[in-house]
Amino acid sequence: MTGADVPGRPPLVTVLGASGFVGSVVVAALSRRPVRLRTVARGPVAVPRGARADVERCTGDLTDRDVLRTAVAGSDAIVHLVSHGAGWRGEGASDEALGQANAGVMSALLEALLERGHARGAAALVLFAGSTSQAGPGAPIPVDESAPDAPTSPYDRQKQAAERELLAAAAQGTVRGASLRLPTVYGRGAPAGRKDRGVLAAMVRRALAGEPLTMWHDGSVLRDLLHVDDTARAFLAALDHPEAVTGRHWVLGTGQGEPLGRVFRSIADGVAARTGRPPVPVTAVPPPAHALPTDLRSTVANSTRFRTATGWRPLTPLDAGLADLIADLADAPPD
């Protein structure tokens with residue numbers, strides 16, 4: 001990418017949702033590059049010391065169209081990582097609230113880019129964080145880009161709506177757009193990132209508190225667990241290969257299905273080694289009423305196409321990632 005305003009000027013990369021779990025790590029990775037970096041979030045965003053990027057911080061509610069229009073002005077690339085404050089499952093959030101964070105922000109974003117046009121250069125690149133669970137509980141194992149979508153939850157339906165709108169705009173030439181569908185993402189995260197880091201962080205916190213780790217199944221359900229550092233690297237790989245990725249969705253993952261029973265026991269053992277206490281029990285309990293079909297079915301992602309298109313591959317072994325997550329949460333100050 002090159003800067004849209006002045007030939008030879010560094011490109012302007014805007015990260016929407018820059019204070020979130022994934023967003024904060026993407027910001028940290030981009031800050032090491034010689035780009036103009038605009039971070040956009042409701043709250044403060046920390047940038048590592050010694051950043052090479054020229055950083056501009058914007059604060060505001062991105063469901064406000066005027067705020068969003070200002071936030072994306074002049075951007076060469078936009079990474080859409082906005083999520084609802086209810087977390088990755090969207091529990092307790094209405095369909096309308098989830099829609100504002102996903103499809104609503106996407107609609108306003110595309111409207112702003114259409115108004116701007118791209119007479120001065122290439123259309124802006126827009127990368128969206130989708131979800132492998134958009135394929136629904138009947139998806140093949142492993143799932144890849146050929147699987148038809150059958151989303152069953154409000155969260156997945158809203159992700160799908162935003163993704164479809166982006167890819168339709170890409171087909172019309174309004175933007176260069178791609179959706180990177182994420183599996184279960186875990187890991188340390190950036191220091192100032194949002195504390196909601198998904199199911200594995202929740203289990204680590206429970207184990208540190210001496211509470212049992214509960215499963216809604218017998219532990220044989222598989223999950224593809226992608227470290228947040230590898231997730232951030234995938235977005236940077238897509239930024240580096242805009243022509244290769246634009247116009248379609250991509251499935252990300254390690255390609256390895258990890259039995260959650262074994263993962264939870266590894267967490268219990270790792271916390272025990274850290275604290276000197278006996279490992280907390282890992283037990284099966286009946287699924288609650290709000291459990292989704294995808295909660296009880298294995299999910300493994302085949303990311304071969306994205307790897308081939310961009311050269312990306314995951315680098316963080318699960319054991320190392322879990323050990324680092326345990327150390328981070330064990331040393332964290334109490335809320």
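**Starting from a helix**

Guide: In H10, the buried residues are Leu318, Gly321, Leu322, Leu325, Ile326, Ala327, Asp328 and Leu329. Buried means under 20% relative accessible area, exposed means over 50%, and partly exposed lies in between (1.4 Å probe, protein chains only). This is a predicted model, where local features need pLDDT of at least 70 and side-chain atom pairs count only at pLDDT 80 or more, while totals for chains, interfaces and linings use all residues. Residues are numbered from 1 along each chain as its sequence is written, and side-chain values use heavy atoms, leaving out hydrogens and water.

Visitor: What covers the buried residues of H10?

Guide: The cover includes strand E7 (184-186), helix H5 (199-208), strand E10 (225-227), strand E12 (258-259) and helix H8 (260-275). Helices (H or I, at least four residues) and strands (E, at least two) are DSSP runs, numbered from the N terminus.

Visitor: And how far does H10 reach from its first C-alpha to its last?

Guide: Helix H10 (residues 318-331) has 14 residues and reaches 20 Å, close to the 20 Å expected at 1.5 Å a residue. The expected span is 1.5 Å times one less than the number of residues.

Visitor: Zooming out, how many helices and strands in the protein chain?

Guide: 10 helices and 13 strands. Of its 335 residues, 52% count as buried.

Visitor: Tell me about the sheet. What's the strand order?

Guide: It's an open sheet of 7 strands, ordered E3-E2-E1-E4-E5-E6-E11, with parallel pairing. Strand E3 (54-59) and strand E11 (248-251) are the edge strands, each pairing on one side only. From one strand to the next, the twist averages 20°. For strands to pair, DSSP has to find at least two bridges between them.

Visitor: Over how many bridges do E4 and E5 pair?

Guide: 4 bridges, in the parallel sense, between strand E4 (residues 77-80) and strand E5 (residues 125-131). Histidine 80 stands opposite phenylalanine 128 in E5.

Visitor: Which strands does helix H6 touch?

Guide: Helix H6 (residues 228-240) packs on the sheet and touches E1, E4, E5 and strand E6 (176-182), with its direction at about 145° to that of E5. Helix H2 (residues 65-72) lies across strand E1 (12-16), strand E2 (36-41) and E4, and runs at about 165° to E2. Contact here means heavy atoms within 4.5 Å. Axes are lines fitted to C-alpha atoms, for helices over the stretch in contact, and angles run from 0 to 180 degrees between N-to-C directions.

Visitor: Switching to charges: how many salt bridges?

Guide: The count comes to 18, taking a salt bridge as a side-chain nitrogen of Lys or Arg within 4 Å of a carboxyl oxygen of Asp or Glu. One of them joins arginine 38 and glutamate 56, with the closest N and O atoms 3.1 Å apart. That pair links distant parts of the chain, with arginine 38 in strand E2 and glutamate 56 in strand E3, 18 residues apart.

Visitor: Is arginine 38 buried or exposed?

Guide: Buried, with a relative accessible area of 8%. Glutamate 56 is partly exposed, at 37%.

Visitor: What about aspartate 66, which residue does it form a salt bridge with?

Guide: Arginine 69, the closest N and O atoms being 3.0 Å apart. Aspartate 66 counts as exposed at 52% relative accessibility, whereas arginine 69 is partly exposed at 31%.
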